[in-house]
Amino acid sequence: MMFRESKKAGIVPEALPASPTYDAGCRRCVRLATFLDDVRAAYPAYRCLPVPPYGDPAARLVIVGLAPGLHGANATGRPFTGDYAGILLYETLHAYGYASSPLSRTADDPLTLADCRITNAVKCLPPENKPLPGEMRNCNDYLTADLSLLPAGGAVLALGRIAHDAALLALGLRRNHFAFAHGGRHALSHGRALFDSYHCSRYNTNTGRLTATMFRDVFDAIADHLGRPRA
Ligand code: SF4
């Protein structure tokens, strides 16, 4: 598979603004906070709070998803845990040596991530999995803080266009210089790179828009970038 590379190398600000990494009590997005209140009333066993990043604080790979799923991360409190979208993701992370297990069903299982951290563009469950642009911007401080930990030579994997746009915003980069494309690879400063993939959602995998082979092609490119073995 051919990987496209952006012609313009991005410039990551040398001094990223100090931002909170996570706030379980955040209610900046009134629509989402109110929605979570309603979902909590309907599903009292679900966590129904902003979902924090999960994984290795020193990771060289940061994966950015869209937002928590109703019966997945929103219920369990761990990104991509307990729902369909996590099946292909954790299988792949395990195959490439990032995850200690190919399964991630509950937040109290012993699964650990090494050299990898997973976060979301929007930390709260949005109605119909569709955050509004203003909600993505509201939540970008948290993503900025998370991506500020990425070391030189590291990689960001954006799952879908909204995650791609959120990552660019968090990195202080202009969207028109870095078009989203599945299999895209965008050079950033300090040897970092942004990789794009279609989101590993049930819809995308069931329709064949994203196959396991296509997903592994992206992870092969990331492994090459990081100097890690392919699966
Ligand atoms: S989506 Fe982000 S900014 Fe909005 S309420 Fe949740 S944590 Fe706060």
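Me: In this predicted model, what covers the buried residues of helix H6?
Reply: The cover includes strand E3 (61-65), helix H4, helix H5 (140-147), strand E5 (155-159) and strand E7 (193-197).

Me: What makes H6 largely enclosed by the rest of the structure?
Reply: Nine of the eleven residues of H6 are buried, so the helix is largely enclosed by the rest of the structure. The buried residues are Ile-162, Ala-163, His-164, Asp-165, Ala-166, Ala-167, Leu-168, Ala-170 and Leu-171, and H6 is followed by Gly-172, whose phi is positive, near 75°.

Me: Why does Ala-167 count as buried?
Reply: A residue is called buried if 20 or more other C-beta atoms lie within 10 Å of its own; Ala-167, which is found in helix H6, has 27 C-beta neighbours inside 10 Å, and therefore counts as buried.

Me: With which residues is Ala-167 in contact, leaving aside its neighbours within four places in sequence?
Reply: Contact requires C-beta atoms within 7 Å, and, with those sequence neighbours left aside, Ala-167 is in contact with Val-64, Leu-147, Val-156, Ala-158 and Leu-194. For His-182 there is a C-alpha to C-alpha figure, which places it 15 Å from Ala-167 in space and 15 residues from it in sequence.

Me: Which residues of the largest nonpolar core touch the most other members?
Reply: Of the 63 residues in that core, Val-64, Ala-121, Val-156, Leu-157 and Ala-167 touch the most other members. Helix H6 (residues 161-171) gives the most to this core, with seven residues.

Me: How do you know that the radius of gyration of the chain agrees with that of a compact globule?
Reply: A compact globule of 231 residues would have a radius of gyration near 17 Å, and the chain has 16 Å, so the value agrees. Along its principal axes the C-alpha trace spans about 50 × 35 × 30 Å, and buried residues make up 47% of the 231 residues. Among contacts between residues at least 6 apart in sequence, 70% join residues at least 24 apart.

Me: What makes up the shell around the ligand, and which helices each supply at least two residues of it?
Reply: The ligand is surrounded by 13 residues, of which the closest are Cys-26, Cys-29, Pro-50, Cys-124 and Cys-139. The shell divides into eight nonpolar, one polar and four charged residues, and helix H1 (30-42) and helix H4 (133-138) each supply at least two of its residues. Helix H4 is also among the elements that cover the buried residues of H6.

Terms used: Residues numbered from 1 in each chain as written. Predicted model: local features only at pLDDT ≥ 70, side-chain atom pairs only at ≥ 80, totals over all residues. Near = placed C-beta within 6 Å. Helix = DSSP H or I, 4+ residues; strand = E, 2+ residues; numbered from the N terminus. Nonpolar A, V, L, I, M, F, W, Y, C, P; charged D, E, K, R; others polar. Core = buried A, V, L, I, M, F, W, Y, C linked by C-beta atoms within 7 Å. Buried ≥ 20, exposed ≤ 12 C-beta atoms within 10 Å, placed from the backbone. Contact = placed C-beta atoms within 7 Å. Rg over C-alpha atoms; globule rule 2.2 N^0.38 Å.
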